[in-house]
Each structure stands twice: as structure tokens, then as C-alpha cells.
Amino acid sequence: FRVHRTQASAAVSKFFATAPAEPPRELRPLEEDERFGDAAMADPGLHRDKRQRAVTGIQMDESMLKKCDAALKTVTRRQSAVAFSEPVNWRALNLPDYPKIVKQPMDLGTVQDNLTNHRYAFLEEFANDIRLVWKNAMLFNAPDSAYFKNAKQLCEVAEKKMGELEQEGIGTLPPLDPPVRCELVLSEIMRHPMCEWFIQPVDVEGLGLTDYRSVVDRSMDLTTVQRQLKADRYTTVESFAADVKLTFDNCIKYNGANSMFGVVAALVSQAFERKCTTYISLGAQHPPRTGQPVPDREGWPSFSQKKKFYDACTKLSLVDLNHIVKLVHKSCSGALQHNGDKEVELDVDNLDMETFKKVFNYAKQQIQKLEPAS
């Protein structure tokens, strides 16, 4: 149902299956003679449900915040993490080039502070701040230095934890069809701090890479993948994933696996493969909506229970509905979508059983107060 903050008459409308819309990216129109890779040339096969909106990822509710805190502490307790626990004091360390090279300083202590003070709305925001710590270390230090090696090792530890958190949070996302899942994976990878060098095509001429085309058979970048995905040019999930992988494989092939760029490309590629498994393969267990009720799932509210909750909500005041929204935001924020300042949509199908019982009981209690005493 929808909760309108200023229009009580429209406070409850109907069951909704939507998710927060992602800000559109500026993309140039496709040209008729634009060439695409062979994997994407066949007739579109990843058909999208036009009713589905892009989603912004796994939200940071109280439950996820606690899990993130535990994951962060797993990283920070390692001896090799001490050097990354506080901001780099480049003046004291006599590193005058540091602020010239590192444009976005970050450290694990700041991440912990941000987490404690609820500054992350989504899991991926938390993850990207941690990744920024490793990126900065690898950008400033040589690949054979202890700082670089420790950053790489800690990154692998942290990414393992991120994978576990993604698997736990995937159930909070609404059912999505394959193209939307692919768009979610791609949008998160493109926000990955280490993806800075993979967003746009390699400027071969500008960088003077005279041998690039003799080494790389087919160039690829993430903006091109995004454009092709938006245009429904991919026939399968596999063809989409192959082009993303090609972006990173090209980098490793040209720069070498042990170079800074090669190490970074491998780390991002691993994160992408993991997200494909979690968001696309596991996410496929949540089928796209077709306007029909979602089949009952063990451990989740049944259709009958959801219908009773909906009926109860039609009898509540705007104040009561707003309180329900607050309860959901606290323990299962993934079921909410904010449409500006005046409207919130609650997807009942995405309420976990614990939260559902909490809000249903509250609704019944408020209705009982309205009933005349016998």
C-alpha cells in the first residue's frame, strides 16, 4: 500500500511491487552503424518487464547494520589492518605527493564511525568505503610493497564478508526479471571505487598506447556494456557477463597480472562474478511479478495473512500508517520505497515474518481501540 504524508484520503490504495528508482545516467543515443560484439548481436533475448523499475540495492536496516559491524571488526582486528585504521598523516610521514595522488582519503576508523552513526543507506555504500581504503593504498604504493600486499589481502578478506552479507540481504530485494538484475549488478560494479579505469573506453591515442590494439583483440568498457544492456542488445545473461569480464580481462592481458592495474582488475572481476551469482542466479529464485499474488513461501507471511493485514490497514488513520512505516523502516527497510517527500510505498511481499507480525499486531491493536466497548 501507499502512505501519503499529506493526503489522508489516499493513505491506503493497493498492494505495490516497486523499488526505488535509480538516477538515470547520461548516455548518448545509439547510432545505426554502431558496432557491437558478436555476443550481443542476436535478437534481444533478455526481455524486460516494462513495469519494473531499477532498484538501488540492499538497504542498510538495523539487522544489516549489525552484520556489517561484525564484518568490519573481522577485518580491523587483523594485525595488517593497523596501518589502515586511521587517516594517513601525510605531513608527519613526509609524503607530499599523497594528496596529489589520493583524491578521496578513507580509513577503516572513518568507516566504523560512519556505520555507527547510520550514514550508510545501502550495503554497497558501506562496502565501497572499505574498498576505497584498499584502492588508495594500491594507488599510492608499489605492487611489491608491504602496504600494497596487505591491502590486497585485506580486500580479499573483506570481499568474502561482503559476499556473505549480499547473500543474506538478497531476500529483501523485490522480485526482478533478468535484465533488471543485470542492471543492478552493473550499476553497483560501476560505483566500485576500483572501477575508475574501466568506465570509459581506453583512450589509446591520448595515452600513446601504440601496441594496445595488437594486444587486445576486442576492446570493451562498462559504459558500452551499460548502453547495450539498456538497448536490450544482449541475448542472455551469459553474453552480458562475458562483456563485463572482457573489460577486466583486457586490462590484465595488456598490463600484466602483477601490475597495479592487473591486481585491481582481478579484484573487481571477482566482485562482479560473485554479484552475478548472488543477484542473478540466487535472485532468480524470486520470480518477476506478473500481477498475480506471490506464491506462499515457507517462513514468510502467507497470502491470506497479507490480505488480512491490508484490510486492517484500510481502517487505520494516517498517523497509524506512518507509525507502521517507521516500524518497517527500523527492521526491514528493503520493503519501503520513498517517492519524494509525500509518499511511501510498502511492498508487503518483502516483509519478513518478524516485521510482519510486529506491524500486523500493531494494526490490530489500533483497530481494537476504535471499536466501541461492549
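Is F356 buried or exposed? F356 is buried, with a relative accessible area of 2%, where buried means under 20%, exposed over 50% and partly exposed in between, for a 1.4 Å probe and protein chains only.

The model is predicted, so local features need pLDDT of at least 70 and side-chain atom pairs count only at pLDDT 80 or more, while totals for chains, interfaces and linings use all residues. Residues are numbered from 1 along each chain as its sequence is written, and side-chain values use heavy atoms, with hydrogens and water left out.

The ring of F356 pairs with that of F309 in an edge-to-face arrangement, 5.5 Å centre to centre and with 70 degrees between the planes. Rings of Phe, Tyr and Trp (its six-membered ring) pair if their centres lie within 6.5 Å; planes under 30 degrees apart count as stacked, over 60 as edge-to-face and the rest as tilted. F309 belongs to helix α12 (residues 303–313) and F356 to helix α14 (residues 353–370), so the pair ties together parts 47 residues apart in sequence. Helices are DSSP runs (H or I, at least four residues), numbered from the N terminus. F309 is also buried, with a relative accessible area of 0%.

The structure holds 11 aromatic pairs. Another of them is formed by F240 and F272, whose ring centres are 6.0 Å apart and whose planes stand at 65 degrees, so the pair is edge-to-face. This pair links distant parts of the chain, with F240 in helix α10 and F272 in helix α11 (residues 260–282), 32 residues apart. F240 is buried at a relative accessible area of 0%, and F272 is buried at 1%. Together with Y234, F240 and F272 form one aromatic cluster.

The axes of α9 (residues 222–230) and α10 (residues 237–255) come within 9 Å and cross at roughly 170 degrees. Axes are lines fitted to C-alpha atoms over the stretch in contact, and angles run from 0 to 180 degrees between N-to-C directions. Helix α9 is therefore roughly antiparallel to α10, the term used for angles over 145 degrees. The contact (heavy atoms within 4.5 Å) is made by L222, V225, Q228 and L229 of α9 and by F240, D243, V244, T247 and F248 of α10.

Charges also meet rings. The charged end of K135 sits over the ring of W197, 5.3 Å from its centre, and that of K364 sits over the ring of F360, 4.6 Å from its centre. The criterion is NZ of Lys or CZ of Arg within 6 Å of the ring centre and within 35 degrees of the ring normal.

Methods: Helix = DSSP H or I, 4+ residues; strand = E, 2+ residues; numbered from the N terminus. Parallel < 35°, antiparallel > 145°, perpendicular 65-115°, else oblique.
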